[in-house]
Amino acid sequence: MDTDRSTILDRDAILARVANESARFRATIPQLLAQYRGKWVVFRDGAVVSVHRDEETAYAEGLRLFGPAGGHVVAVVREPEPVLLSAAIAFGL
Amino acid sequence: MLIIPATVAPYPKEAALPGAARDRCQVPMMIDTGARFSLVADTVLAQLGVVSIGNTDVRTSLQSVELRPVCRIAVGIEGQDMYGDSHLKSVPLSVIASPPVTVAISRSIPLRHEGLLGLDFLQHFQFAYDGPAGEFRLSW
(Lines give C-alpha, C1' and ligand atoms only; values in the text may rest on other atoms or scores of the structure.)
Protein backbone atom coordinates (compact mmCIF):
# COMPACT_ATOMS: atom_id res chain seq x y z
CA MET A 1 0.00 0.00 0.00
CA ASP A 2 1.36 3.41 -0.99
CA THR A 3 0.60 5.27 2.21
CA ASP A 4 1.37 8.63 0.63
CA ARG A 5 -1.54 8.18 -1.77
CA SER A 6 -4.00 6.59 0.59
CA THR A 7 -7.49 8.02 0.68
CA ILE A 8 -10.69 7.44 2.60
CA LEU A 9 -11.30 4.38 0.41
CA ASP A 10 -8.31 2.71 2.08
CA ARG A 11 -9.60 3.29 5.61
CA ASP A 12 -10.62 -0.31 6.31
CA ALA A 13 -7.27 -1.61 5.10
CA ILE A 14 -5.44 0.91 7.28
CA LEU A 15 -7.52 -0.02 10.33
CA ALA A 16 -6.68 -3.67 9.72
CA ARG A 17 -3.00 -2.84 9.49
CA VAL A 18 -3.13 -0.90 12.76
CA ALA A 19 -4.96 -3.81 14.39
CA ASN A 20 -2.21 -6.22 13.30
CA GLU A 21 0.50 -3.83 14.45
CA SER A 22 -1.30 -3.39 17.77
CA ALA A 23 -1.32 -7.16 18.26
CA ARG A 24 2.40 -7.27 17.53
CA PHE A 25 2.97 -4.48 20.04
CA ARG A 26 1.01 -6.29 22.76
CA ALA A 27 2.99 -9.47 22.10
CA THR A 28 6.23 -7.50 22.48
CA ILE A 29 5.30 -5.73 25.72
CA PRO A 30 7.08 -8.21 28.03
CA GLN A 31 10.34 -7.45 26.25
CA LEU A 32 9.71 -3.72 26.15
CA LEU A 33 8.89 -3.24 29.82
CA ALA A 34 12.45 -3.41 31.08
CA GLN A 35 13.58 -0.52 28.89
CA TYR A 36 10.44 1.48 28.16
CA ARG A 37 7.98 1.01 31.05
CA GLY A 38 5.68 4.02 31.31
CA LYS A 39 7.00 5.60 28.14
CA TRP A 40 4.92 6.39 25.06
CA VAL A 41 6.23 4.82 21.87
CA VAL A 42 5.60 4.91 18.15
CA PHE A 43 5.60 1.29 17.02
CA ARG A 44 5.62 -0.08 13.49
CA ASP A 45 6.84 -3.13 11.60
CA GLY A 46 7.22 -4.98 14.86
CA ALA A 47 9.62 -2.52 16.44
CA VAL A 48 9.78 0.65 18.49
CA VAL A 49 10.47 3.58 16.19
CA SER A 50 10.67 6.36 18.75
CA VAL A 51 10.21 6.90 22.50
CA HIS A 52 8.49 9.85 24.19
CA ARG A 53 7.48 11.14 27.62
CA ASP A 54 3.85 11.77 26.74
CA GLU A 55 1.13 10.74 24.34
CA GLU A 56 0.88 14.06 22.54
CA THR A 57 4.51 14.17 21.41
CA ALA A 58 4.42 10.48 20.46
CA TYR A 59 1.28 11.04 18.41
CA ALA A 60 2.76 14.09 16.65
CA GLU A 61 5.94 12.18 15.83
CA GLY A 62 4.05 9.22 14.44
CA LEU A 63 2.04 11.52 12.22
CA ARG A 64 5.19 13.32 11.09
CA LEU A 65 7.01 10.10 10.27
CA PHE A 66 4.26 8.05 8.67
CA GLY A 67 1.31 10.33 7.92
CA PRO A 68 -2.34 9.51 8.59
CA ALA A 69 -2.17 6.23 6.67
CA GLY A 70 1.03 4.99 8.28
CA GLY A 71 -0.52 2.01 10.03
CA HIS A 72 1.59 2.71 13.09
CA VAL A 73 0.68 2.37 16.75
CA VAL A 74 1.00 5.05 19.42
CA ALA A 75 0.83 3.46 22.86
CA VAL A 76 2.18 3.48 26.38
CA VAL A 77 4.37 0.57 27.43
CA ARG A 78 2.64 -1.14 30.36
CA GLU A 79 0.89 -4.40 31.12
CA PRO A 80 -2.41 -4.51 29.22
CA GLU A 81 -5.45 -4.01 31.41
CA PRO A 82 -9.09 -3.89 30.28
CA VAL A 83 -10.53 -0.41 30.46
CA LEU A 84 -13.82 -0.15 32.29
CA LEU A 85 -15.79 2.17 30.03
CA SER A 86 -18.41 3.16 32.50
CA ALA A 87 -20.12 1.54 35.44
CA ALA A 88 -23.43 2.35 33.79
CA ILE A 89 -22.47 0.43 30.66
CA ALA A 90 -20.88 -2.44 32.56
CA PHE A 91 -23.96 -2.98 34.67
CA GLY A 92 -26.38 -2.35 31.81
CA LEU A 93 -27.96 0.69 33.38
CA MET B 1 -29.00 11.76 31.77
CA LEU B 2 -27.28 14.69 30.11
CA ILE B 3 -26.78 14.77 26.35
CA ILE B 4 -25.13 17.80 24.79
CA PRO B 5 -23.92 18.72 21.30
CA ALA B 6 -20.18 18.34 20.84
CA THR B 7 -17.99 19.13 17.87
CA VAL B 8 -15.52 16.46 16.82
CA ALA B 9 -12.80 16.89 14.22
CA PRO B 10 -9.55 15.27 13.08
CA TYR B 11 -6.56 16.28 15.19
CA PRO B 12 -4.81 17.94 13.54
CA LYS B 13 -6.67 18.36 10.29
CA GLU B 14 -3.75 16.71 8.45
CA ALA B 15 -4.52 13.48 10.34
CA ALA B 16 -7.60 12.91 8.18
CA LEU B 17 -7.45 10.73 5.11
CA PRO B 18 -8.00 12.61 1.82
CA GLY B 19 -11.54 12.37 0.54
CA ALA B 20 -13.22 12.26 3.95
CA ALA B 21 -16.90 13.20 3.89
CA ARG B 22 -16.59 15.92 6.52
CA ASP B 23 -13.92 17.95 8.27
CA ARG B 24 -15.93 18.24 11.47
CA CYS B 25 -19.20 16.92 12.90
CA GLN B 26 -21.54 18.14 15.59
CA VAL B 27 -22.88 15.10 17.40
CA PRO B 28 -24.97 14.45 20.52
CA MET B 29 -22.81 13.05 23.29
CA MET B 30 -23.73 11.90 26.76
CA ILE B 31 -21.82 13.22 29.74
CA ASP B 32 -20.75 10.27 31.85
CA THR B 33 -18.81 11.11 35.00
CA GLY B 34 -18.45 7.36 35.58
CA ALA B 35 -16.42 6.91 32.39
CA ARG B 36 -12.65 7.28 32.51
CA PHE B 37 -12.41 7.66 28.76
CA SER B 38 -14.56 9.16 26.06
CA LEU B 39 -16.20 7.23 23.24
CA VAL B 40 -17.21 8.28 19.75
CA ALA B 41 -19.24 6.20 17.32
CA ASP B 42 -17.12 4.68 14.59
CA THR B 43 -19.57 5.94 11.96
CA VAL B 44 -18.66 9.50 12.99
CA LEU B 45 -14.93 8.75 12.93
CA ALA B 46 -15.32 7.25 9.46
CA GLN B 47 -17.02 10.41 8.19
CA LEU B 48 -14.06 12.42 9.46
CA GLY B 49 -11.56 10.10 7.76
CA VAL B 50 -9.83 9.35 11.04
CA VAL B 51 -7.92 6.10 11.52
CA SER B 52 -6.89 4.39 14.72
CA ILE B 53 -3.56 4.59 16.52
CA GLY B 54 -3.97 1.27 18.28
CA ASN B 55 -6.46 -0.99 20.01
CA THR B 56 -7.38 -1.40 23.64
CA ASP B 57 -9.27 -3.98 25.69
CA VAL B 58 -12.57 -2.58 26.87
CA ARG B 59 -14.76 -4.17 29.53
CA THR B 60 -18.26 -3.74 28.16
CA SER B 61 -20.02 -5.75 30.86
CA LEU B 62 -19.14 -7.86 33.87
CA GLN B 63 -18.75 -10.85 31.58
CA SER B 64 -17.19 -9.51 28.41
CA VAL B 65 -14.09 -7.72 27.18
CA GLU B 66 -13.81 -6.45 23.62
CA LEU B 67 -10.96 -5.08 21.59
CA ARG B 68 -11.78 -1.61 20.34
CA PRO B 69 -9.83 0.87 18.18
CA VAL B 70 -8.47 4.06 19.72
CA CYS B 71 -8.44 7.29 17.67
CA ARG B 72 -7.01 10.70 18.52
CA ILE B 73 -9.35 13.55 17.64
CA ALA B 74 -10.34 17.02 18.81
CA VAL B 75 -13.53 17.18 20.89
CA GLY B 76 -15.10 20.49 21.78
CA ILE B 77 -18.20 22.12 23.16
CA GLU B 78 -19.53 25.59 22.57
CA GLY B 79 -20.30 28.05 25.33
CA GLN B 80 -21.16 31.69 25.71
CA ASP B 81 -19.24 34.37 27.53
CA MET B 82 -20.77 37.14 29.60
CA TYR B 83 -21.33 39.21 26.47
CA GLY B 84 -23.24 36.48 24.70
CA ASP B 85 -20.43 35.65 22.30
CA SER B 86 -19.94 31.98 21.50
CA HIS B 87 -16.63 30.22 21.95
CA LEU B 88 -15.57 26.67 21.14
CA LYS B 89 -13.42 24.93 23.74
CA SER B 90 -11.74 22.00 22.01
CA VAL B 91 -9.32 19.47 23.50
CA PRO B 92 -7.33 16.61 21.93
CA LEU B 93 -8.52 13.24 23.16
CA SER B 94 -7.73 9.62 22.48
CA VAL B 95 -11.24 8.22 22.22
CA ILE B 96 -12.50 4.67 21.97
CA ALA B 97 -14.40 3.91 18.77
CA SER B 98 -17.76 2.30 19.38
CA PRO B 99 -20.99 1.41 17.65
CA PRO B 100 -23.71 4.06 18.00
CA VAL B 101 -25.64 3.68 21.24
CA THR B 102 -29.30 4.28 21.78
CA VAL B 103 -30.50 4.67 25.32
CA ALA B 104 -34.19 4.54 25.98
CA ILE B 105 -35.61 6.22 29.03
CA SER B 106 -38.93 4.72 28.06
CA ARG B 107 -40.20 2.71 25.12
CA SER B 108 -41.46 5.81 23.40
CA ILE B 109 -38.49 8.09 24.16
CA PRO B 110 -35.21 6.89 22.69
CA LEU B 111 -32.23 9.17 23.28
CA ARG B 112 -29.68 8.50 20.61
CA HIS B 113 -26.21 9.70 21.23
CA GLU B 114 -23.04 9.13 19.32
CA GLY B 115 -20.55 9.07 22.14
CA LEU B 116 -19.71 9.55 25.76
CA LEU B 117 -17.81 12.44 27.29
CA GLY B 118 -15.80 10.91 30.09
CA LEU B 119 -13.45 12.23 32.72
CA ASP B 120 -10.62 12.61 30.21
CA PHE B 121 -12.70 15.37 28.61
CA LEU B 122 -14.41 16.75 31.72
CA GLN B 123 -11.10 17.35 33.52
CA HIS B 124 -10.67 20.41 31.29
CA PHE B 125 -13.86 22.02 32.62
CA GLN B 126 -15.62 23.05 35.80
CA PHE B 127 -18.71 20.89 36.07
CA ALA B 128 -21.47 21.80 38.47
CA TYR B 129 -24.96 20.58 39.20
CA ASP B 130 -27.57 22.92 40.65
CA GLY B 131 -30.10 20.50 42.06
CA PRO B 132 -32.89 22.96 43.00
CA ALA B 133 -32.64 24.61 39.58
CA GLY B 134 -32.28 21.27 37.79
CA GLU B 135 -29.30 22.62 35.83
CA PHE B 136 -25.88 21.28 34.89
CA ARG B 137 -23.20 23.84 34.11
CA LEU B 138 -19.96 23.31 32.24
CA SER B 139 -17.56 26.24 32.27
CA TRP B 140 -13.96 27.05 31.49
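1. Start with one pair of residues. In this predicted model, Val41(A) stands opposite Ala75(A), a residue of β3(A). The two strands concerned, β1(A) and β3(A), pair in the antiparallel sense. Four bridges link them.

2. Val41(A) has another partner too. In β2(A), the bridge partner of Val41(A) is Val51(A). Follow that pairing along the strands. β1(A) and β2(A), the latter covering residues 47–52, are joined by five bridges. They run antiparallel.

3. How many residues lie between β1(A) and β2(A) in their hairpin? There are two. Look at Asp45(A) in the turn: its phi is positive, about 55°.

4. Now check how well β1(A) is covered. The strand spans residues 40–44. Five of its five residues are buried. Which residues sit on each face of β1(A)? Trp40(A), Val42(A) and Arg44(A) are on one side. Val41(A) and Phe43(A) are on the other. Both faces are covered. Note that Arg44(A) is among the buried residues.

5. What pattern do they follow along the sequence? The order is α-β-β-α-β-β-α. You can trace this on the structure above.

6. Chain A has 93 residues, and 32% of them are buried. In β1(A), by contrast, five of five are buried. Contacts tell us about the fold as well. Take those between residues at least 6 apart in sequence: 52% of them join residues at least 24 apart.

7. Next, the partner chain. 31 residues of chain A are in contact with 33 residues of chain B. On the side of chain A that touches chain B, the elements giving two or more residues are α1 (11–36), α2 (55–66), β3 (73–76), β4 (83–84) and α3 (87–90). Which element of chain A gives the largest share? It is α1(A), with six residues.

8. Consider the make-up of that side by class. On the side of chain A that touches chain B, 22 residues are nonpolar. Six are polar and three are charged.

9. Finally, strands also pair across the two chains. β4(A) is joined by two bridges to strand β4 of chain B, residues 54–59. These strands run parallel, whereas β1(A) and β2(A) run antiparallel. Find Leu84(A) on the structure: its bridge partner in β4(B) is Arg59(B).

Key. Residues numbered from 1 in each chain as written. Chains lettered and ligands numbered in written order. Predicted model: local features only at pLDDT ≥ 70, side-chain atom pairs only at ≥ 80, totals over all residues. Buried ≥ 20, exposed ≤ 12 C-beta atoms within 10 Å, placed from the backbone. Contact = placed C-beta atoms within 7 Å. Nonpolar A, V, L, I, M, F, W, Y, C, P; charged D, E, K, R; others polar. Pairing = 2+ DSSP bridges.
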